Amino acid sequence: MLDRNKLDRLLSEYGSLVWNKWNAPEDAVYIGRGSLYGNPIPLSNPKDEDERVKCIDQFLVYLISRLKSDPIFAGAVMSLRSRDLKCYCSNGKCSKSEGARYCHGHVLLKAAELLHSYTLNEAISILTDLRES
């Protein structure tokens, strides 16, 4: 399962690219609900960090399944590599001490990076290991 330590590493690596919808660069890709990249797992209390961690973990399970079954979606995720993303969660910062919050966008950027560097099956395997290790 994803935990705070793993999410902290993703936040450190990709936090500068995941923004809140209201402070994002103009060319940022919207990844919130209703978009191709939206997290279908509901978050009932955005201030509950434990719930947020579980929600992002469940999103990773969903993402792995969707990558396995939908090569067009995999290509769309790959296109997010190094792009600014906007959601409702974070603020473009790389640490919780700067007010950043965990977001499924950090997982999407990790997946995009892996899809650029590995085959689809290898990327899926690495994402699976990220969750299970």
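This is a predicted model: local features need pLDDT of at least 70, side-chain atom pairs count only at pLDDT 80 or more; totals for chains, interfaces and linings use all residues.
**Helix pairs**

The table lists the two pairs with their axis distances and crossing angles.

| Helix pair | Residues | Axes come within | Crossing angle |
|---|---|---|---|
| H2 and H5 | 49-69 and 120-132 | 10 Å | roughly 160° |
| H3 and H4 | 71-78 and 104-117 | 8 Å | roughly 100° |

The axes of H2 and H5 cross at roughly 160°. Angles over 145 degrees count as roughly antiparallel, so H2 is roughly antiparallel to H5. The crossing of these two helices, H2 and H5, is left-handed. On the H2 side, the residues in contact are Asp-57, Leu-60, Val-61, Ile-64, Leu-67 and Lys-68. They meet Leu-120, Ile-124, Leu-127, Thr-128, Leu-130 and Arg-131 of H5. Sorted by class, the contact of H2 with H5 holds 8 nonpolar, 1 polar and 3 charged residues.

For H3 and H4 the crossing angle is roughly 100°. Angles of 65 to 115 degrees count as roughly perpendicular, and H3 and H4 are therefore roughly perpendicular to each other. H3 takes part in this contact through Ala-74, Val-77 and Met-78. Their partners in H4 are Leu-108, Ala-111, Ala-112, Leu-115 and His-116. The contact of H3 with H4 is made up of 7 nonpolar residues and 1 polar residue, with no charged residues.

**The largest pocket**

Rolling a probe the size of a water molecule over the atoms shows where empty space is left. In this model, the largest pocket contains about 270 Å³ of space. The pocket is lined by 15 residues. Arg-33, Leu-43, Cys-87, Tyr-88 and Cys-89 are the closest of them to its centre. By class, the lining of the largest pocket has 9 nonpolar, 3 polar and 3 charged residues.

Which helix gives the most to the lining of the largest pocket? H2 does, with 3 residues.

Methods:
Residues are numbered from 1 along each chain as its sequence is written. Side-chain values use heavy atoms; hydrogens and water are left out. Axes are lines fitted to C-alpha atoms, for helices over the stretch in contact, and angles run from 0 to 180 degrees between N-to-C directions. Helices (H or I, at least four residues) and strands (E, at least two) are DSSP runs, numbered from the N terminus. Angles under 35 degrees count as roughly parallel, over 145 as roughly antiparallel, 65 to 115 as roughly perpendicular and the rest as oblique. A crossing is left-handed if the near helix is turned anticlockwise from the far one by less than a right angle, and right-handed if clockwise. Contact means heavy atoms within 4.5 Å. Ala, Val, Leu, Ile, Met, Phe, Trp, Tyr, Cys and Pro count as nonpolar, Asp, Glu, Lys and Arg as charged, and the others, Gly among them, as polar. On a 1 Å grid over the protein atoms alone, a cavity is a set of points where a 1.4 Å probe fits but cannot get out, and a pocket is an open set with protein on both sides within 12 Å along at least five of seven lines; lining residues have an atom within 4 Å of a point. Grid points are joined across faces, edges and corners, and a volume is the space filled by probe spheres set on the points.
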